Structures are given as structure tokens and as C-alpha cells.
Amino acid sequence: MIYESTDDIALLASIANLYESELLRYLKFIKAPASFKNGQAAVTGFRRMLSAPLVADLKAPNLDELLVTNSRLEYALATSPDLSKFTISTNASAKKLAHGMLSEFPEYTMLFFHSHNHQDLIEQMKQLIWAESLQATDNDISDYCRFVRVLSESHLPQFIADRFPHQEPSAITIYQLLHDFIESEKSNHRDNVYYQANMLTNARSALRYLKVLNGRKVLRRNRKGEARVVESRRSLGVRGFSNLGSQAFVKYLTVPDEDELFEKGFVRGFEDFELEQDELDEIETQGVEPAELEKRCQLAWFLDISSPLYAQQFRAKVRRQGQIARIERHNQYLPSNIHLMNEVEGHALLERLENYHVESKEQAAIILTLYIMLFTSSSFERAKSFILFFDEDGVSRMDDGVGYDLLSNMWVMPRLRLPFMTTEVNLPGALSPRESIELPVHTSRIKELVDRFFKPKQKITKPLSRMRYKASQITEFLKTVDERLTPAKVSNYLILNLATTTSISVAGYLFNRAMPGSLARYYYSSHTEYEYQKIYNALVLNTLPKCDFNWSAYNKPVNPFSNPDYGFGARYVPSTESIREVFALMSTDLYENWRKTQTYSFILFHNWYTAYCIFAQSLLTGIRAVVDPFIGTQQVIGATGLAVFRDKDTKDQFHTRILPLHPLALKIAEEYERHRQIILEKMLLLNPLFCRSDILASNTTFFIEPETKQPIEARPREIKWHLRAFSSLPINSNRKFLRSYLERQGLTPETIDATLGHASLGEPIGDSMSTFSFIDLKTELFDALDNLIDEVGLTLLKGLSA
């Protein structure tokens, strides 16, 4: 920051008997804002910080001069009434003084905070903030400041208080203390789980700054493309979730409608992610995203009162007033009339919009806003910021909200960018990601209003963003149509209808808006622009009544030639052709090439056959790519054909799933187990100790190391290594293909979610709120899987003969 003399600064320097240059050097050192806001708190904090024994790393050459300047400022601020702009009240809290400045001035606001019980300890940790390092980033410093601030405001952990190096502390000794504290907390189990998790998160972040000070290597992930956009904060009302920094986000758990006279308010959830580098490497190998992982502690709040989900579950059992039941009811009765317009209301609204006589630009803005809210399922905020453009460059510069292409008379929907995804790369065999799609505009009035009142003078504009009309005017207009109509009902009309008839993920991508519930669905759904155009066209024609609508004015058909190699939605979703090619290559290698190998060729055959069985069966089961992602015959319940398995890599049993197993998937399991027994007999002759391995203790899949003749656990990394000759995609891509395929086949959302294990609270089969049965699931699912088997050319390949 460049510090320049102002009248206020000149006055302060004069009263404190300082040269202006001395004062500006002081302000620069403490990293103060140009206004020197709440300067008295900073001056007092600076004196308090330097009154503690200095850490070895603080070597400012002009520290004595700064202390003299600070002393004169402290006296002047305490005695001169002319400096009230810089003074503070005696009872003002540090948090209140720092409000609005924490993110931009972390070092300066750090001076406001102190501890009554451990003053020297906190002050010495603060001194390290001024032991500057050229390698430290703004985020490093900010995270360290936040940790020290948390320590000063809360009960200091006894571990830190007892082990803090009081004799000549330094950056390296404090680093070692913090490192030991983190390791100790990992093994401790406190009653206040949230406090412990919060303290650990802040301590890990602070450790990064101390690493830099000590010259230790800091691993930084280069973020580009999607990650750059993900880091910016998104509005809950626009996207359905909002990022909080780089490791947390807030999302809706129920559809919001603040205009309701009853059940007012909505439930929101908070999730945070902090993963070590080895954990990130593992999930990248699996092909999953961090936001899919289950959290040990989830938080939800209603009317801004936060409490853990387990506490709400207890409250629900005792008084039946918990929000768990509210979330379950919402997920089960998503299309209820509480959230939706009915056909009569839709007819009345559309008729009013089509025939309303517009006389002013403000009236045109209100009508256009309602059209956008209705046809693009946009909130008022997103509709008001919609983008108008009339060239292709405008589309490429659009990364949020909703757009309208004046030349083609088409809505433009950018790709929904989900939170906390791994770095995106282009992999052969997967649909290339499309950044936006065009959707047909089903009324000529949109173009008429734009041409008459909002004709753009630039290639890309936001014509409604600077207009002064408010959301209350939208509400008043809707009340003239029907007393029951609210802005939320208008914006939720199409997206909720689509979510309950097709899929929540399809609805979310189509309207660039994440629906409440599990975000995992969105990481597994991708379709072409043509498919989305067909879905949208059918949705509008079936859901909105025609009334006086001039349908003949819309004569632009959906584009059947939209590039089929480009998918809109999730990443790394294989095409049908690429899956077919993989099976063809596997069949060739298994039955032709393996015989040409050298001694012990049956080992190589076994490894290839294991990779084939895992790959083929996962395409029919959608099992997650965890350790041994394979369903054996022992996991099938007799004649029912129901498979019971756990496909999340955790030690608890709460992730157990039950799924009707397709006959071909069961045959693959039977054939692999027959093959497995032959391999064990052959290996016993080569290595008598082979069968004693813990890996073979249960009937699981395994690979064999050709050199050592030892079994290897079928982890995602090993599976990917053996599949590399056939496909560059992670094994979890099969789950992505399966969900997308089932959506294209028109299966009900309940069947798709039950197959993939994507159900939210209240939705799983057998849940207290569920009316869906395994018979329903089996009847609907198996027909679709039969079609899939034919399309990809999946057949049962035989294992090794005796």
C-alpha cells in the first residue's frame, strides 16, 4: 500500500510532535490502512506486543525508532480531543473494532487482540508476523493471523500452554510445538468435536506460514481453469451454494421461499474440506472429487441458529421439532404445492406477461425479469444481472448466471461449476467439457422487449443491473395475478418439475443452479447440448399452458447436429464408443496376446482378467472405486438376487448399500471366483507361503506381482495401472457413465439415485420416508442394463481353465 499524507495524518503527526515521514514509516511497518482506522487500538497493541521478550527471528533494524513513534502517538491519542477520529471507546471489543478489516489488513487488526491469561505467549506469536519472508503469500500470513486470533479469543489448549518455549522462542521452536500439537489432537477425542475440528483446521493453516519462515518446503497446488473460478464466492441465491474461502462452502438443504406465510425460512448446511496431499493423490486416482467424501461432522442451521446434525437428531426424537424431519420431508415431497405453482396459476401468470401493456422502461424491466425467472428458473438477483450479447465472444466471456443471445434468440446457460474439484485435464475417451449450452426461447415477447427498451450499444451488457426496481415490486406484481404467487414459486417452477421427473443433476445443469440435497449427483451426470435442448423443449411445452402464447413465432428447432463429443456437466464421462472399444481391446488381449508372453504367463493373464472383471461388473453396479470394488457371490442374498456391499473406504458400516444384482454381474462374480481358485492352486506350487497373505483372507480380487510372486491389494492405483493399456480414464468413470446412461434412458430419479447410492436424507430405500421398493428398482433397472449391455458389447469372458 502507498501511504500519502492527508490532512488527518498531518494533524496527527503535528499533535504527536512527529515528522510526517516518521509517521508514514510507522504506518507502513504495522501495515495500517491509509485511514488509520481505530489507530488507538493498534498503537496500544503494538506497545503490548513489543513489551514481551522478543523472538529470535524479529530483527527490525529501526525497532527503537518505531517504539519512540508509538509512544508519542499513544500519548497524543490519549490526551488530544482533536484526534477522536483515531480513538476508540474503552469497552469496545477487539472483534468489533476489526470488523470489515480482517481480510484486507490481517497484520494490522492482529494488534487489536490480546490474551489476559497468556499475554507473553500470544504476543510472541504475534511478533513472528513481522519476521517477514519473501516466500510467504498473503494467504499464508492471513491464515497464521487467524490462528493467533483464535488462540487469543478462546481457551488456550493446555498442550500449547505447557510446552511453549518461554526461553528465547523462535520460529523453529514454535513450528515444532504447533506440529506436535496437531499430531496430539489427531489422537484425542474431545466432547466438543466442532471446537476440536476448528482448532485443528486453523492450526494446520498456520503451520504453513511457519514452514515458510523456517525455509521448509511448502507444497502449493497450482490452480487454474475451473479452480480459479471456484475460489471466488458465489451467491447462494444464484448457484444454490456459496464458497467460503478455499476449503468450505454453504448450501441449501431445502428449497428456500422466504415469501411463505407458514414454514417460513429454510435449512442450510455447512461443509468444509481439508485434505493432505496423499489423500488428494488417492482420490484423484479413484476419479472422485473432495466434495463427494463423507464428513465426520456435518452442520446444518435454521433461522441462522447453528447446531450439529446429531444434536438435531436428538431434538427430533425428543420433541419432533428437529430440522432432520424437515429435510427428509423436503427431499421426499419435492414437488408439493408448498413450493410449486399449479397449472391455473401458471396459465394466469403467462397470460398476464404476454398481454401486459408496457408503457415505461421500468415496467418492461419487471416483465422481462419475470420471463427470465420463469423460463430459466432464476432468482430475482440472477434475473436482474442477466447478460445480453450479440456475438460469439460474449458467450466465451460468460461464467455465471444466465445469458441471452440477441442474434440467435436463444438462452445461454454456462456450465455449473461445482465446489472443490481436482484440476481438470483432457483425457481421451471422455466427453470433452462444454462451457455453455443454448436453449430455445419459447416466446417472441422477449426479443420484442429487448429491441424496444434494451437495445445494446455494446457486444455484452447487463441491461437490468443498474435499474432501480426492487424485488418487492416483483412480489406486488405477482399478487395482482394470484395472492398465492411468490417470486420463489415462479423461479422454482420449471426446475422442480424437471428434478422430480428426470433427475436433480439434469435439472441443476440445465438451469445452472444446484438443487438442495446431495451434491454427489452432479459429479456423475453429463449430456450433449442436443439432449438438453430436447429435455428443455419438452419441459416447457408440457409444463406451461399455451394460453395466448404465439408458439408459431418460435420456429427454431433444437440442433440435432450439436457436437456429440462434447458433454455438458460432469467431467471424465466416457462415451459409449470408448466403452465398447475398451471391451474389444480386453477381449483381444485376454484370448490372443496372453499366450505369447513368457514364463508364468498365467500371472499376467490373471492380472488382466482381474482388471476386466472389476471394470465390467462396475459398469453394471455403479460400485465406487475403493479397495476391492467388486461384488462376490457371498455378498448376494440367496434367491433374492440382492447384493449387500459397502463401497466407501471407511471403517464404519453406515455406508452399506443393497442393490439388485443383474444376472450378468452375478455370472462375472461366479466366473471370477472359479478362476481365482485355479490361480490359488497354481500359486501354491510356485510359492507355498502365497496363500497365507492377509489379502487372501476373504474372497476379494487381487493382483500378483510377476517378479516377487506376491499378491497385491486391488486398490484404485493398482487397478488404474493395469487398465492403462485399455483406457486412460479412472475406474470411477464407469459410475459417471452409468448415471448419465440411466438418465438418458428415462429412468425415474428414485431408481437412478438408489442404483448409484446418491440418495439424500429421507430418500434411501427402506428409510422411514421412502415408498420405493426393491421390486420397483429391479423391474426398472434391469431393462435399462440389458440395453446398456447390448450397446457397449459386454459379454462374459471366461477365466483360466484348470
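I began with tyrosine 609, which is buried, with a relative accessible area of 0%. I note at once that this is a predicted model, and I read every value below as computed from it. Tyrosine 612, which I looked up next, is also buried, its relative accessible area being 1%. Both tyrosine 609 and tyrosine 612 belong to helix H27 (residues 601-621), where they sit three residues apart, about one turn of the helix. For such a spacing I recalled that an α-helix has 3.6 residues a turn, so residues three or four places apart point the same way. The rings of tyrosine 609 and tyrosine 612 form an aromatic pair, 5.8 Å from centre to centre, and with 35 degrees between the planes the pair is tilted.

**Other rings**

I found 23 aromatic pairs in the count.

Lysine 384 lies over the face of tyrosine 469, at 4.8 Å from the ring centre, and arginine 735 lies over the face of tyrosine 524, at 4.7 Å from the ring centre.

**The whole chain and its cores**

Stepping back, I noted 32 helices and 18 strands in the protein chain. Of its 802 residues, 55% count as buried, and its accessible surface comes to about 37,200 Å², of which carbon and sulfur atoms hold 50%. Among contacts with a separation of 6 or more, 70% are between residues 24 or more positions apart.

The largest nonpolar core has 75 residues, and Tyr26, Phe36 and Phe112 are those with the most contacts inside it. Helix H11 (residues 193-213) gives the largest share of this core, nine residues. When I listed the neighbours of tyrosine 26, leaving out residues up to four places away in sequence, I found Phe36, Val43, Phe46, Leu66, Thr69, Asn70 and Leu73. A second, separate core has 71 residues, including Leu388, Trp411, Ala499 and Leu544.

**A three-strand sheet**

I traced an open sheet of three strands in the order S9-S13-S12, with mixed pairing. Strands S9 (432-433) and S12 (526-527) stand at the edges with a single partner strand each, so one side of each has no neighbour in the sheet. S9 and S13 (residues 566-569) run parallel and are joined by two bridges, and serine 432 stands opposite tyrosine 566 in S13.

**Helix H31**

My last entry asks how many of the eight residues of helix H31 (residues 749-756) are buried. Seven are, so the helix is largely enclosed by the rest of the structure; the buried residues are Pro749, Thr751, Ile752, Asp753, Ala754, Thr755 and Leu756. The cover over them includes helix H23 (487-501), H27, strand S16 (656-660), helix H30 (733-744) and helix H32 (774-792). Just after H31, glycine 757 takes a positive phi of about 70 degrees.

How values were computed. Residues numbered from 1 in each chain as written. Predicted model: local features only at pLDDT ≥ 70, side-chain atom pairs only at ≥ 80, totals over all residues. Heavy atoms only, no water. Pairing = 2+ DSSP bridges. Helix = DSSP H or I, 4+ residues; strand = E, 2+ residues; numbered from the N terminus. Phe/Tyr/Trp six-rings, centres within 6.5 Å; stacked < 30°, edge-to-face > 60°. Buried < 20%, exposed > 50% of the residue type's maximum accessible area, 1.4 Å probe, protein only. Lys NZ or Arg CZ within 6 Å of the ring centre and 35° of its normal. Core = buried A, V, L, I, M, F, W, Y, C linked by side-chain atoms within 4.5 Å. Contact = heavy atoms within 4.5 Å. Areas by Shrake-Rupley, 256 points an atom, 1.4 Å probe, with all protein chains shown as cover.
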